[in-house]
Amino acid sequence: MTFKFFRIVFVLGIGLTLSGPQPLCAATVTWEDALGEFDESVLTNLDLSALPALTDLDEAQLQALCRELQKRFQGEYVLELAPLREMATAALPLLDQHAETQPYAAWLRTRLDYLAVADTLKIAIPPASLELQSKPSVTVNPTPSVERRVWQERLQMEDLPPGAPVYVARLKPIFVAEGVPAELVWLAEVESGFDTLARSPSGAAGLFQLMPETAKSLGLALSPWDQRRQPRRTGAPPRSI
């Protein structure tokens, strides 16, 4: 089970009993083909918590920064995400400033919840007792019950994404007609916040964040326009809502 799975569970309204550790790891992917050649050594000494440095990054470096963020999201321990919240919040308006990086802003915006929940979990977990201070510190994940409670509280505080009323109404009948549970349309809230522009640093795109090979296996074309960004396959490029 992943940290992301907790959000999926509560967005879909599924009550499940989870057990075992809750790592964040997902399949590691590369994005060299999508991004092209870029010397990431410019980020070698960049402390992700050093917010003033973000304003000096150009578009290519902001893209590389998103790649680094995604690697952090794929880490093993939930609490290690907590320090990234302030940095990600500061990076978001910078990504929104450039047409080239706006798709990554859409991707990152849907993941701020993970950082907020990680921040809350870090506060919720009590510090180690003084008796253990002499031993090396061990990073642990919160228990499933603690994560479940924090996610419930977080999602109750949020409004629906702007695209939800439009796309849910459009997609539910299609899901039903194809024999797919209508509730699964809400996976788009988890993956993209119902923003067709969203694109991850790994190359996933569209409402349901399909990777290129997955899209091709489903019969979707990536050119002359990217059909992953179309809620319903048509012969024309997608239009914004």
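Guide: Let us start with one residue. Alanine 105 has a relative accessible area of 0% and is buried. This is a predicted model.

Visitor: What makes alanine 105 count as buried?

Guide: The cut-off for buried is under 20% relative accessible area. Alanine 105 has 0%, so it is buried.

Visitor: Where is alanine 105, and what is it in contact with?

Guide: Alanine 105 is found in helix 5. Leaving aside neighbours within four places in sequence, alanine 105 is in contact with Leu92, Leu95 and Asp96.

Visitor: Why are arginine 72 and glutamate 68 called a salt bridge?

Guide: The rule asks for a side-chain nitrogen of Lys or Arg within 4 Å of a carboxyl oxygen of Asp or Glu. Here the N to O distance is 3.0 Å, so the pair qualifies. Both residues lie in helix 3 (residues 59-73), four residues apart, about one turn of the helix.

Visitor: What makes glutamate 158 and arginine 154 a salt bridge?

Guide: The closest N and O atoms are 3.4 Å apart. Glutamate 158 is partly exposed at 26%, and arginine 154 is partly exposed at 22%.

Visitor: How many salt bridges does a search of the whole structure find?

Guide: The search finds nine.

Visitor: How many aromatic pairs are there?

Guide: The count comes to five. One of them is phenylalanine 73 with tryptophan 107, an edge-to-face pair.

Visitor: Why is the pair of phenylalanine 73 and tryptophan 107 called edge-to-face?

Guide: Two values decide it. The centres are 6.1 Å apart, and the limit for a pair is 6.5 Å, so the rings pair. The planes are at 85 degrees, and over 60 counts as edge-to-face, so that is the label. This pair links distant parts of the chain: phenylalanine 73 is in helix 3 and tryptophan 107 is in helix 5 (residues 102-109), 34 residues apart. Both phenylalanine 73 and tryptophan 107 are buried.

Visitor: What makes the pair of phenylalanine 175 and phenylalanine 208 tilted?

Guide: The ring centres are 6.1 Å apart and the planes are at 35 degrees. Stacked needs under 30 and edge-to-face needs over 60, so this pair is tilted. Phenylalanine 175 lies in helix 8 (residues 164-177), and phenylalanine 208 lies in the loop between helix 9 (187-192) and helix 10 (212-217), so the pair ties together parts 33 residues apart in sequence. Phenylalanine 175 is buried at 16%, whereas phenylalanine 208 is partly exposed at 27%.

Visitor: Which residues do ring pairs link into a cluster?

Guide: The cluster holds Phe73, Trp107, Tyr114 and Trp151.

Visitor: Which residues have the most contacts inside the largest nonpolar core?

Guide: They are Leu54, Leu108 and Leu115, in a core of 32 residues. Helix 3, helix 4 (85-96), helix 5, helix 6 (112-124) and helix 7 each give two or more residues to this core. A second, separate core has 10 residues, among them Val168, Leu171, Phe175 and Phe194.

Visitor: Where is confidence lowest, and where is it highest?

Guide: Helix 2 (residues 32-35) is lowest, at a mean pLDDT of 34, and helix 10 is highest, at 96. Over residues 14-45 the pLDDT is below 50. Where pLDDT is low, the predicted coordinates should not be read in detail. The mean for the protein chain is 76, and 68% of its residues reach 70 or more.

Methods:
Residues are numbered from 1 along each chain as its sequence is written. This is a predicted model: local features need pLDDT of at least 70, side-chain atom pairs count only at pLDDT 80 or more; totals for chains, interfaces and linings use all residues. Side-chain values use heavy atoms; hydrogens and water are left out. Buried means under 20% relative accessible area, exposed over 50%, partly exposed in between (1.4 Å probe, protein chains only). Rings of Phe, Tyr and Trp (its six-membered ring) pair if their centres lie within 6.5 Å; planes under 30 degrees apart count as stacked, over 60 as edge-to-face and the rest as tilted. A nonpolar core is a set of buried Ala, Val, Leu, Ile, Met, Phe, Trp, Tyr and Cys residues joined through side-chain atoms within 4.5 Å. Contact means heavy atoms within 4.5 Å. pLDDT is the predictor's confidence in each residue, from 0 to 100.
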